[in-house]
Amino acid sequence: MPADSVDDDDHAPEAPRKYTYAAGEHRSTPLAIAAGLVALEGLIALGYAVTWGYLSLTGSPTDETASLMGAVFAALGGLLLLRMAVALWQVEVWPRVPVIVLQLIFVPVGWSIAFKLGNTAIGVPMLVLAVSLLALLFSAPVREGYGRDV
């Protein structure tokens, strides 16, 4: 190695910046409320799955297999929502974006159920819950807790 060579350690790339949070240490009130609302969504989905499964088994659906698979799919969705609620409570990184995407899907679905199908008892609460969660997850304390620029 030549004596006049430049030390490569001076030009080494810097390590990526770590998030400024630590799991569970910076849980803001909006994040705690959001975790509770996502858990509520999960429990509602599980209740819907149980009801759907019961009606599939005791009623006379047109296609029993498809009806039971719908109930299983709703149950899996409810369990996933509950898992995401726990992860939000623990201030883990991964559930924030999937929850935001789900709420962005629930907004037009809730709108359609409430105002196009006329079932306001289901559509309006779904719409209010989705918009509330979006507002909470984009609030400054939540973004700050995840180390995002405020």
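1. How many helices and strands are there in the chain? The model, which is a predicted one, has five helices and zero strands. Read from one end of the sequence to the other, the pattern is α-α-α-α-α. The chain has 150 residues, and 31% of them count as buried.

2. The largest pocket comes next. It holds about 780 Å³ of space. Its lining is made up of 23 residues, and those closest to the centre of the pocket are E41, I44, A45, F106 and M126. Helix 2 contributes the most, with eight residues. By residue class, the lining of the largest pocket consists of 19 nonpolar residues, three polar ones and one charged one. As background, a probe the size of a water molecule, rolled over the atoms, shows where empty space is left.

3. L79 belongs to helix 2. L79 counts as partly exposed because its relative accessibility is 48%, a value that lies between the limits of 20% for buried and 50% for exposed.

4. How many salt bridges does a search of the whole structure find? The search finds one. The salt bridge is formed by R83 and E92, whose closest N and O atoms are 3.8 Å apart; the cut-off for such a pair is 4 Å. In general, side chains of opposite charge can pair when their charged atoms come close. R83 has a relative accessibility of 38% and therefore counts as partly exposed.

5. V91 deserves a look for its backbone. V91 is placed in the loop between helix 2 (64–89) and helix 3 (96–116). Its phi is near 55°, a positive value in a residue other than glycine. Most residues other than glycine have a negative phi. Is V91 buried or exposed? V91 counts as buried because its relative accessibility is 1%, and buried means under 20%.

6. In the pair L46 and G78, the residues are 32 apart along the chain, and their C-alpha atoms are separated by 5.0 Å. L46 lies in helix 1. With a relative accessible area of 22%, L46 is partly exposed, since buried would need a value under 20%.

7. The second pair is A135 and I100, which are 35 residues apart along the chain and have their C-alpha atoms separated by 9.8 Å. A135 is part of helix 4. A135 is exposed because its relative accessible area is 52%, and exposed means over 50%.

Conventions
Residues are numbered from 1 along each chain as its sequence is written. This is a predicted model: local features need pLDDT of at least 70, side-chain atom pairs count only at pLDDT 80 or more; totals for chains, interfaces and linings use all residues. Side-chain values use heavy atoms; hydrogens and water are left out. Helices (H or I, at least four residues) and strands (E, at least two) are DSSP runs, numbered from the N terminus. Buried means under 20% relative accessible area, exposed over 50%, partly exposed in between (1.4 Å probe, protein chains only). On a 1 Å grid over the protein atoms alone, a cavity is a set of points where a 1.4 Å probe fits but cannot get out, and a pocket is an open set with protein on both sides within 12 Å along at least five of seven lines; lining residues have an atom within 4 Å of a point. Grid points are joined across faces, edges and corners, and a volume is the space filled by probe spheres set on the points. Ala, Val, Leu, Ile, Met, Phe, Trp, Tyr, Cys and Pro count as nonpolar, Asp, Glu, Lys and Arg as charged, and the others, Gly among them, as polar. A salt bridge is a side-chain nitrogen of Lys or Arg within 4 Å of a carboxyl oxygen of Asp or Glu.
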